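Morning, everyone. I have one structure to walk through today. Please put it up on the screen.

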Amino acid sequence: MFWVVGLVAIASYFSWVFYHKQSLDNEANRLSNLLNLQPGAVVAEIGAGNGDLTVRIAQHIGSSGKIYSTELNPQQLNAIQNNVKKHNLTNVQVIQGAVDRTNLPPECCDAIFMRGVYHHFTQPEHMNESLRRSLQPQGLLAIADFPPNWFSNFWKLEGVSANRGGHGIEKELLIEEVTQAGFEVVQVVDDWEGNLYNVLFRKPNSSLK
């Protein structure tokens, strides 16, 4: 009996691994299309976690491109470094971010993306200004996130504004905050991977640096 349970557990684990990898592959392809990423592009991922999506985008833009991958704490930064080393990538620069700025060089990026990160911002006005400064004129910003719901509200976030309505952020509020920083909405995708929405913004030529 126990060996049957063990086999079921092992099969479930490998099924989850396969699904997770396939989902990330699909998301990386969709993200590359959304941001119009070509070989040689310079990109950044804000709040990259363990770097799984960073690695896939780095492979897409090739050795002539570059991707900055940011995180806040040393453990996650080490996880990204290990992931990059595992895949023998030379076009990834890992950077420690901050709660109020990206720590990216000015106007370094053709595109910036983040996934399930924006709702954690405790100083969104400062972060959005920093995101704008980090992008080239006409640069693209893709923000994937989710609205608050009863399940996600079991995880409380410290320091975020009460207008969030819980763990997550409504799409309309996210758009309001980001456009106030000088960005223009390009496209809204409601059926993003992982039951997220994704809003694509552009930094206009006239945007203040």
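Let's begin with strand S2, residues 66–71. S2 is mostly covered, with 5 of its 6 residues buried. Buried means under 20% relative accessible area, exposed means over 50%, and partly exposed lies in between, with a 1.4 Å probe and protein chains only. Helices (H or I, at least four residues) and strands (E, at least two) are DSSP runs, numbered from the N terminus.

A word on the source. This is a predicted model, where local features need pLDDT of at least 70, side-chain atom pairs count only at pLDDT 80 or more, and totals for chains, interfaces and linings use all residues. Residues are numbered from 1 along each chain as its sequence is written, and side-chain values use heavy atoms, with hydrogens and water left out.

Back to S2. Which strands pair with it? Strand S1, residues 42–46, runs parallel to S2, and 4 bridges join them. Two strands pair if DSSP finds at least two bridges between them. Opposite Tyr68 in S2 stands Ala44. Strand S3, residues 92–96, also pairs with S2 in the parallel sense, over 5 bridges. There, Glu71 has Gln96 in S3 as its bridge partner.

Now the connections. S1, H2 and S2 form a right-handed β-α-β unit. So do S2, helix H3 (residues 74–86) and S3. Right-handed means this: with the strands pointing away from the viewer, the path from the first strand over the helix to the second runs clockwise.

Take helix H2, residues 52–61. H2 is mostly covered too, with 8 of its 10 residues buried. Among them are Asp52, Arg56 and Ile61. Just after H2 comes Gly62, with a positive phi of about 75°.

Next, S1. How many of its residues are buried? The count for S1 is 5 of 5. In a regular strand the side chains alternate between the two faces of the sheet. On one side of S1, Val42, Ala44 and Ile46 are buried. On the other, Val43 and Glu45 are buried as well. S1 has a further partner, strand S4, residues 109–115. They run parallel, joined by 4 bridges. Glu45 has Phe113 in S4 as its bridge partner.

Let's step back to the whole chain. The secondary structure comes to 5 helices and 7 strands. Along the sequence, the pattern reads α-β-α-β-α-β-β-α-β-α-β-β. The chain has 209 residues, and 45% of them are buried. Its accessible surface is about 11200 Å², with 54% of that belonging to carbon and sulfur atoms. Those areas come from the Shrake-Rupley method with a 1.4 Å probe; for residues, only the protein chains shown count as cover. Then contacts, meaning heavy atoms within 4.5 Å. Of the contacts with a separation of 6 or more, 70% are between residues 24 or more positions apart.

Where is Phe146? It sits in the loop between strand S5 (135–145) and helix H5 (171–180). Phe146 counts as buried because its relative accessibility is 18%. Phe146 and Tyr197 are 51 residues apart in sequence, but 6.2 Å apart in space, C-alpha to C-alpha.

The search uses a 1 Å grid over the protein atoms alone. A cavity is a set of points where a 1.4 Å probe fits but cannot get out. A pocket is an open set with protein on both sides within 12 Å along at least five of seven lines. Lining residues have an atom within 4 Å of a point. Grid points are joined across faces, edges and corners, and a volume is the space filled by probe spheres set on the points.

The largest pocket holds about 1000 Å³ of space. It is lined by 37 residues, and the closest to its centre are Gly47, Arg115, Gly116, Val117 and His120. Helix H1 (2–34), S1, H2 and S2 each give two or more residues to that lining. H1 gives the largest share, 6 residues.

And cavities? How many of 30 Å³ or more turn up in the whole structure? The search finds 1. The largest cavity holds about 30 Å³ of space. Its lining includes Glu27, Leu53, Phe113, Arg115 and Trp192. S4 gives the largest share of that lining, 3 residues.

That's my tour. Over to you.
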